[in-house]
Amino acid sequence: MDQLSETLKDTETLVQSFKLKDSVPFLFWNNLLNEHTLKAKKYDSYRTNNAGVPIRYSRGHKVLIDFGYGIDRELFQPHPAIILADFEEMIAVVPTTSDDGSGFNEKVKKAIIQIPNDTPLDGKKPIFPKPTIINLHQIRVVSKNRVQINLNCNVQNYILPDSVINQLNRYLPYPVLQNGDHLLQAIEVKISHLYAPDTLYQIKNLHNDVKRLQADIKDLNNQITSLSDQ
């Protein structure tokens with residue numbers, strides 16, 4: 001109880017220092033926490049399909065997530081995000097932010113994808129109405145109850161411009177991405193490079209082995225042809 005009283009007192013002091021426009025979202029966020037934390041009335045309650053199963057999201061699907069409050073350089077408050085994996089009640093997501101032209105250090109540059117807005121020709125809504133940054137250094141696993149809006153689009157339908165492909169390949173150990181690749185492919189390649197870098201080198205070694213074996217097969221076929229002509 002002493003800890004609870006101290007926390008409530010700290011919260012009161014914090015809110016008193018807020019301007020009205022800042023305190024209202026903070027209070028709403030606290031209410032959301034109170035509703036969904038352990039033993040709360042809405043704990044483990046999710047929007048479900050007709051079978052009563054939590055709504056599932058496909059890889060690459062785009063949604064609006066309320067990330068709540070963060071500290072330091074953590075991303076917080078509502079942001080669009082891309083689904084990486086669906087775990088029934090939880091989803092792994094990569095947040096996106098508008099590209100305002102801010103600079104990044106080299107470490108962060110390796111962990112983001114900067115893309116221009118798209119302008120579909122078939123009358124559909126753009127997947128990215130504004131230039132956007134895919135924040136691969138801010139990947140999260142969150143409750144599906146953080147989904148505010150289903151944006152009803154998938155980044156597999158966003159084909160990367162050749163200039164973006166070239167820029168991304170500069171940070172990779174070899175040109176993994178090809179012209180015509182879609183955004184989800186680039187995200188998965190970048191995740192592999194960032195969090196499991198040996199994987200790309202192993203794939204490269206396998207490609208080299210395949211090339212050597214193909215060359216050996218070609219030489220053997222030439223030898224067989226030469227012997228059969230004698």
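What follows is a working chat about a predicted model.

Biologist: Hi! What kind of model is this, and how are residues numbered?

Modeller: This is a predicted model, where local features need pLDDT of at least 70 and side-chain atom pairs count only at pLDDT 80 or more, while totals for chains, interfaces and linings use all residues. Residues are numbered from 1 along each chain as its sequence is written, and side-chain values use heavy atoms, with hydrogens and water left out.

Biologist: Great. At what angle do H5 and H6 pack?

Modeller: Helix H5 (residues 183-195) and helix H6 (residues 197-229) pack at about 110°, and their axes are 4 Å apart. That makes H5 roughly perpendicular to H6. Helices (H or I, at least four residues) and strands (E, at least two) are DSSP runs, numbered from the N terminus. Axes are lines fitted to C-alpha atoms, for helices over the stretch in contact, and angles run from 0 to 180 degrees between N-to-C directions. Angles under 35 degrees count as roughly parallel, over 145 as roughly antiparallel, 65 to 115 as roughly perpendicular and the rest as oblique.

Biologist: Which residues make that contact?

Modeller: From H5 they are Val189, Ser192, His193, Leu194 and Tyr195, and from H6 they are Pro197, Thr199 and Leu200. Contact here means heavy atoms within 4.5 Å.

Biologist: Switching topic: which residues touch the most other members of the largest nonpolar core?

Modeller: Those are Ile113, Ile115, Phe128, Ile134, Leu160 and Leu183, in a core of 26 residues. A nonpolar core is a set of buried Ala, Val, Leu, Ile, Met, Phe, Trp, Tyr and Cys residues joined through side-chain atoms within 4.5 Å. Buried means under 20% relative accessible area, exposed over 50%, and partly exposed in between (1.4 Å probe, protein chains only).

Biologist: And which element gives the largest share of this core?

Modeller: H5 does, with 5 residues.

Biologist: What is Ile115 in contact with?

Modeller: Leaving aside neighbours within four places in sequence, Ile115 contacts Phe128, Pro131, Thr132, Ile134, Tyr158, Leu160, Val164 and Leu183. There is also a second, separate core of 11 residues, with Tyr57, Ile65, Ile91 and Val93 among them.

Biologist: Now charges. How many salt bridges are there?

Modeller: The count comes to 6, taking a salt bridge as a side-chain nitrogen of Lys or Arg within 4 Å of a carboxyl oxygen of Asp or Glu.

Biologist: Which residues are linked in a network?

Modeller: Arg56, Asp86, Glu88 and Lys144 are linked in a network of salt bridges. Arg56 and Asp86 meet at 3.3 Å, N to O. Arg56 lies in the loop between helix H2 (20-36) and strand E1 (61-66) and Asp86 in strand E2, so this pair ties together parts 30 residues apart in sequence. For Asp86 and Lys144, the closest N and O atoms are 2.9 Å apart.

Biologist: Are those residues buried or exposed?

Modeller: Both Asp86 and Lys144 are buried, whereas Arg56 is partly exposed at 49% relative accessible area.

Biologist: What does Glu188 pair with?

Modeller: Glu188 forms a salt bridge with Arg59 (2.2 Å, N to O). Arg59 is in the loop between H2 and E1 and Glu188 in helix H5, 129 residues apart.

Biologist: Last one: what is the phi of Asp72?

Modeller: Asp72 has a positive phi of about 50° although it is not a glycine. Asp72 lies in the loop between E1 and E2 and is exposed, with a relative accessible area of 75%. Gln77 lies in the loop between E1 and E2, with a positive phi near 65°.
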